[in-house]
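Dear colleague,

I am handing over the structure below, and the notes that follow it are meant for someone who has not seen it before.

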Amino acid sequence: MMSKLFMFEKPMGMRDTFPHLYKMKKEIRSKVEQELSTWGYEFMETPALEYDETVGAASAILDQQLFKLLDQQGRTLVLRPDMTAPIARVAASKLLKDRNPLRLAYAANLFRAQQREGGRPAEFEQIGVELIDDSTVSADAETIALLVSALKAAGLEDFTISVGHVGFVQELFLQIVGTEERAEQLRKYLYEKNYVGFRQHVESLSLSSIDKQRLLKLLHIQGNDGSIEKAEALLEGNGGREALRELEELWDVLRDYGVDEYVKMDVSLVSHMSYYTGVLFEVYADNVGFALGNGGRYNNLLRQFGAEVGATGFGIRMDYLMEALNTEKTENQPALILFSGERRKEAVELAAEYRRAQKAVIVQDVKGVSNVDRFTAGFSEVHTFIGKAGDQA
Amino acid sequence: MKELTIAMPKGRIFEEAVVMLKEAGYNLPPEFDDSRKLIIEVPEENLRFILAKPMDVPTYVEHGVADIGIAGKDVMLEEERDVYELLDLKISHCYLAVAGLPDTKMNEVAPRIATKYPNVASSYFREQGEQVEIIKLNGSIEIAPIIGLTDRIVDIVSTGRTLKENGLVEYEHIVDITSRLIANPVSYRLMHDRISEMTSRLEKVVNGVTE
């Protein structure tokens with residue numbers, strides 16, 4: 001059903017940012033940027049278009065969510081669906097030669113096509129960091145601590161970060177079901193958060209009842225106290241323990257940073273595909289139905305760009321962060337100077353004074369305004385230079 | 001403490017779900033069942049119910065305007081929403097099936113299927129290696145083969161009576177359906193204690209354990 005487009009229509013999922021939202025977004029962005037900079041992360045930009053074959057293929061975003069187009073040579077291009085892959089490309093091909101570990105940050109618009117309906121933007125801003133070529137738990141902890149400070153800098157107080165480790169779940173599943181293929185099936189249920197399907201699938205497997213219990217108990221491990229011990233009790237042999245040791249160490253470092261109150265251990269947290277390779281996390285805030293941001297360790301990505309180094313990082317969705325902050329329209333509206341021709345000079349001089357003091361001011365010829373009352377209604381500070389000198393209201 | 005918002009499907013599942021919640025010890029007012037309101041507050045339990053079309057329950061939950069909800073697996077399969085599926089409530093048993101007029105074969109060139117569940121039907125036939133054309137209808141699906149719109153239908157069957165009364169027979173059983181307790185991923189984290197308490201209370205009812 002193709003009907004003629006109306007002039008006001010935009011492609012699905014595309015949004016306008018109106019002036020007051022732009023202002024709010026800019027304020028939040030600059031607070032977060034400031035915080036990321038004080039931790040030594042350097043901001044950079046990459047192009048909006050990348051090759052599908054390289055960055056598109058390396059990205060963690062599903063192929064059907066990519067916007068694709070052809071260049072003049074017939075090569076497939078993608079509008080960047082995330083910043084991690086482009087930054088990995090730049091780091092591997094250039095920046096790692098100058099310094100490592102490398103601390104980079106970005107604030108960029110990303111593009112992810114909508115499959116079904118509106119309600120979710122197809123273009124949105126993400127602000128985040130990548131800590132490349134540092135595989136220590138200290139690096140994992142630094143990104144989580146930095147995420148906490150960045151959100152607090154933005155003015156958010158009420159949020160929770162769930163932290164898990166893919167290595168634990170992976171090893172537990174392999175121990176019990178034996179093959180990567182069967183483990184993948186279980187992991188898929190966890191990723192889809194289909195606990196009912198997970199339970200039914202576990203029941204259908206030919207396993208001992210003890211092994212079934214080991215799998216089912218995983219769904220019930222919650223909370224910071226004793227989570228790791230409970231998780232450890234599910235393991236047999238040595239595999240998977242290293243992942244739990246890392247989580248334990250991570251927890252200690254987070255306590256040193258004083259951010260443990262924001263963190264909840266969730267040993268059953270997994271991601272889709274095999275993108276993340278170690279510690280991973282998601283952040284949630286009240287009043288927003290979707291995760292505000294997420295991150296984790298991705299030690300295999302850089303290899304696709306020719307550098308055998310580990311990395312970790314996070315991204316915050318600006319649109320969801322704004323929703324979570326739910327801030328009022330910022331006041332600070334400009335002053336208004338309304339003038340008529342005879343007194344233009346006075347008006348311009350006063351305006352210059354305002355601007356020298358870093359105050360916003362609009363200078364408007366009264367002849368250009370069709371309805372003076374309606375125009376001035378939106379301003380709290382109005383100066384008029386109309387008629388002969390000395391008449392100023 | 002913020003109230004927990006529950007999206008409930010109107011109709012048959014609603015009644016069964018209310019019985020379950022009462023059995024689980026939730027103190028719901030007596031007039032609850034035959035209310036025509038779309039939003040019902042139950043301050044005694046710090047709960048708020050929103051009454052939605054069954055097909056829309058996962059949508060409310062995915063967007064987080066409802067923290068949890070009760071939805072049929074048929075809807076979950078069709079809508080593929082990003083929600084947690086916490087518990088099989090084992091109510092409103094039925095199944096999705098392929099049905100049609102007796103002793104008929106599907107058209108070989110372009111077999112046509114009428115259904116309320118285009119996604120489920122399309123992926124089912126694709127998995128069977130058959131390329132079919134899906135025609136979406138919103139109700140009274142049984143008419144489609146009778147008046148020659150399609151060769152087969154994909155629809156919910158609970159007792160099989162409707163099929164029988166319309167002279168249709170079941171050809172294939174696709175998947176069993178029951179209602180599920182679902183949760184928004186963020187609510188599941190932020191209101192975890194309340195949601196998991198409700199889950200375990202309902203789980204006891206499902207398993208027939210009385211308090």
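In chain A, the residues I28(A), K31(A), V32(A), Q34(A), E35(A) and L36(A) of α1(A) meet L146(A), S149(A), A150(A), A153(A) and A154(A) of α4(A), where two residues are in contact if their C-beta atoms, placed from the backbone, lie within 7 Å, and helices (H or I, at least four residues) and strands (E, at least two) are DSSP runs numbered from the N terminus. The residues of this contact divide into 7 nonpolar, 2 polar and 2 charged, with Ala, Val, Leu, Ile, Met, Phe, Trp, Tyr, Cys and Pro counted as nonpolar, Asp, Glu, Lys and Arg as charged, and the others, Gly among them, as polar.

Please bear in mind that this is a predicted model, in which local features need pLDDT of at least 70 and side-chain atom pairs count only at pLDDT 80 or more, while totals for chains, interfaces and linings use all residues. Residues are numbered from 1 along each chain as its sequence is written, and chains are lettered from A and ligands numbered from 1 in the order in which they are written.

Turning to the two chains, their contact takes 15 residues from chain A and 16 residues from chain B. On the side of chain A that touches chain B, β7 (159-165) and α7 (195-204) each supply at least two residues, and α7(A) gives the most, with 3 residues. That side of chain A comprises 6 nonpolar, 7 polar and 2 charged residues.

Chain B is divided into domain 1 (4-92 + 178-206) and domain 2 (94-176), with bounds that come from an automatic or database domain assignment. Between them, 6 residues of domain 1 of chain B are in contact with 7 residues of domain 2 of chain B.

Best wishes
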